[in-house]
Amino acid sequence: MRRVAVVGVGMTKFGVLADKSLREMAFEAFKEALEDANLAPKDIESVYTAINADHFSSQVSPGASVMEYLGLNPKPNIRIEAACASSSAAIRLAWLDVASGLHDIALALGVEKMNEAGRTTAEIIQFMGTGGDITWENHYGPTFPGFYAIFAINHMHKYGTTKEQLAMVAVKNHYYGAMNPKAHFQREITLEQALKSPMISYPLQLYDCCPISDGAACAILASEDVAKKISDTPIWITGLGLGTSSVALHNREDYATIPGTVEAAKQAYKMARVEPRDVDVACVHDCFTIAEIMAYEDLGFCKKGEGGKLIEEKQTYIGGKIPVNVDGGLKAKGHPTGATGAAMTYEIVKQLRGEAGKRQVPNAEIGLTHNVGAHGTYVCVHIYRR
Amino acid sequence: MLSAPRYWREIRYRYRLIGSRCLKCGKIYFPRRLVCAVCGSRKLEDYKLSEKGKIKTFTVIRRSPPLGYEKNVPYVVAVVELEDGVNVLSQIVDVSPEEVKIGMPVELTFRKVRENGKEGIIEYGFKFRPIFE
């Protein structure tokens, strides 16, 4: 296998982008990445398009529709789906493509338009719910906030995690979101606001939940020879892990962990030959605040059960033990499902190049992305190094 | 929404909480399986699961339910660990949501689960209610 680097990244602002289509968002991210890499469309040899659900855009084979709009026909394209981890899975495929020697330059692009998935939020939530086991569980109306609430209450029961600690995750991520011009929500919130927000699915309140966003993000990957020729700042992909967990909640043993994360992290650390304490900056999957706390533990940033304490001691702020989601996370930056993993990569690449501005983690050398599909059905952990 | 046959073909198992047991290695499954995932045996028999268990974890859905559940909120969704050691996801009924706790003993009750609009079928199945002694 050849060494592979990210040589260009691009992303749209995340939010309710009512004036842009799925394809227009994809092109906007693609254009930024081309300029970032100083490449032309003809240089792209292979494309992986990540789109979570056909439902959301009412288009079967939406990847093909995006590919056409990028102007890259008749080059190779595969559309990949791994729920909310789709674009991390696309990066994995692009990495395999380049590492294997099949191509020298590949594009992994994720895009999602969620706000047009239904006429009402209830319709969108109903679509999203079909990511659970629809034969045996979905008819009891669990919902996605409900799945994570089920984890949260179990975590609180087992380890004494508090609702205040959950809210502290939201406060941190909004704090950094306010500094990110591409974030869906660019404003700070207080602990009191979070704790007074409406109860959605006990114990998760409105501010424990990420928004429903539109957006696109992408990364251009190149082989070592090409990367060194075209880029002064290649960011190397040094570890990749992919784990899975059951779709049905009834097939889980422990409800205070995501088994797929533990597995993916183990693979990625081993491949990159690093330990959790070597990571300088991380983007983790905080679709709900409890998800970030479980990620701290499952990724080994602290012991199991001590995730609540880690945020309470502000160890995941810049200056702490391990800065996490300093781009605002899914909570404030937004979560257009198919684009989320590529957007995490966007942030880590900027951080490792020292281009993150006000949110820069000083001297960051090793970065990690952790992208969870649905309630853990797919989990990608990638490790990057400058 | 499930098509009528997709719901209907599991009715026997849904209505009575019937899973399967491997005659070779003894592994119990819910939902039922045709081939044992542990030992590969094709000899599995229908197995009536225990109607009693305890709440392993839960949530109370209060806002933003899926389409068609607006009238049901607040409702309790829980993972119940049956006495056989098998987990099932279901709803807890006949109790105020504030009283539901992890570890609470519950028993099976047969209830209406969902109405599929004006033209679809009405789905029935298992739910659980607390056992008060």
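Start by selecting strand β10 of chain A, residues 366-373: eight of its eight residues are buried. Keep in mind as you go that this is a predicted model.

**Stop 1: the two faces of β10(A)**

Show the side chains of the strand. A:Ile366, A:Leu368, A:His370 and A:Val372 point one way, while A:Gly367, A:Thr369, A:Asn371 and A:Gly373 point the other way. In a regular strand the side chains alternate between the two faces of the sheet. Whichever face of β10(A) you look at, the residues there are buried.

**Stop 2: the strands beside it**

β9(A) pairs with β10(A) in the parallel sense, over three bridges.

Then follow the chain around the turn. β10(A) and β11(A) make a hairpin with four residues between them, and one residue in the turn, A:Ala374, has a positive phi of about 50 degrees.

**Stop 3: a covered helix**

Select helix α11 of chain A, residues 289-298. How many of its residues are buried? The count is 10 of 10. Among them are A:Ile290, A:Ala291, A:Glu292, A:Ile293 and A:Met294. To see what lies over the helix, colour its surroundings: the cover for the buried residues of α11(A) includes α6, α7, α10 and α12 of chain A, along with the strands β6 and β10. Just past the end of the helix, stop at A:Gly300, which takes a positive phi of about 85 degrees.

**Stop 4: one buried asparagine**

The side chains of A:Glu292 and A:Asn325 are joined by a polar contact of 2.8 Å. A:Asn325 sits in the loop between α12 and α13 of chain A. Is this asparagine buried or exposed? It is buried, because its relative accessible area is 1%, and the cut-off for buried is under 20%. Show what surrounds A:Asn325: leaving aside neighbours within four places in sequence, its contacts include A:Lys172, A:Asn173, A:Tyr176, A:Cys283 and A:Asp286.

**Stop 5: where chain A meets chain B**

Zoom out and colour by chain. On the A side 31 residues are in contact with 37 residues of chain B. About 3100 Å² is buried between the two chains, with carbon and sulfur atoms giving 64% of that. Select A:Trp136, A:His139 and A:Tyr140: these lose the most area to chain B, together 28% of what the A side buries.

What kinds of polar links cross here? The rule finds 16 residue pairs in polar contact across the interface, but zero salt bridges. The largest share, six residues, comes from α6(A). By class, that side has 15 nonpolar, 12 polar and four charged residues.

β5(A) is joined by two bridges to strand β4 of chain B, residues 52-61, and the two run antiparallel. Click A:Tyr202 and then its bridge partner in β4(B), B:Val60.

**Stop 6: salt bridges**

Side chains of opposite charge can pair when their charged atoms come close. Over all chains, the whole structure has 32 salt bridges. For one of them, select B:Arg21 and B:Glu45, where the closest N and O atoms are 2.8 Å apart. B:Arg21 is in strand β1(B) and B:Glu45 in strand β3(B), so this pair ties together parts that are 24 residues apart in sequence.

Which parts does the pair B:Glu98 and B:Arg62 tie together? B:Glu98 is in the loop between β6 and β7 of chain B, and B:Arg62 in the loop between β4 and β5 of that chain, so the link spans parts 36 residues apart in sequence. Their N to O distance is 3.0 Å. B:Glu98 counts as exposed, at 56% relative accessibility, whereas B:Arg62 is partly exposed at 30%.

Finish with B:Lys112 and B:Glu115, whose side chains meet at 2.5 Å, N to O. Then hop back to chain A, where salt bridges that share partners join A:Asp36, A:Lys350, A:Arg353 and A:Glu355 into one network.

Conventions
Residues numbered from 1 in each chain as written. Chains lettered and ligands numbered in written order. Predicted model: local features only at pLDDT ≥ 70, side-chain atom pairs only at ≥ 80, totals over all residues. Heavy atoms only, no water. Buried < 20%, exposed > 50% of the residue type's maximum accessible area, 1.4 Å probe, protein only. Polar contact = N/O pair within 3.5 Å; in protein donor to acceptor, adjacent residues only side chain to side chain. Contact = heavy atoms within 4.5 Å. Buried area = accessible area lost by both parts, 1.4 Å probe. Salt bridge = Lys/Arg side-chain N within 4 Å of Asp/Glu carboxyl O. Nonpolar A, V, L, I, M, F, W, Y, C, P; charged D, E, K, R; others polar. Pairing = 2+ DSSP bridges.
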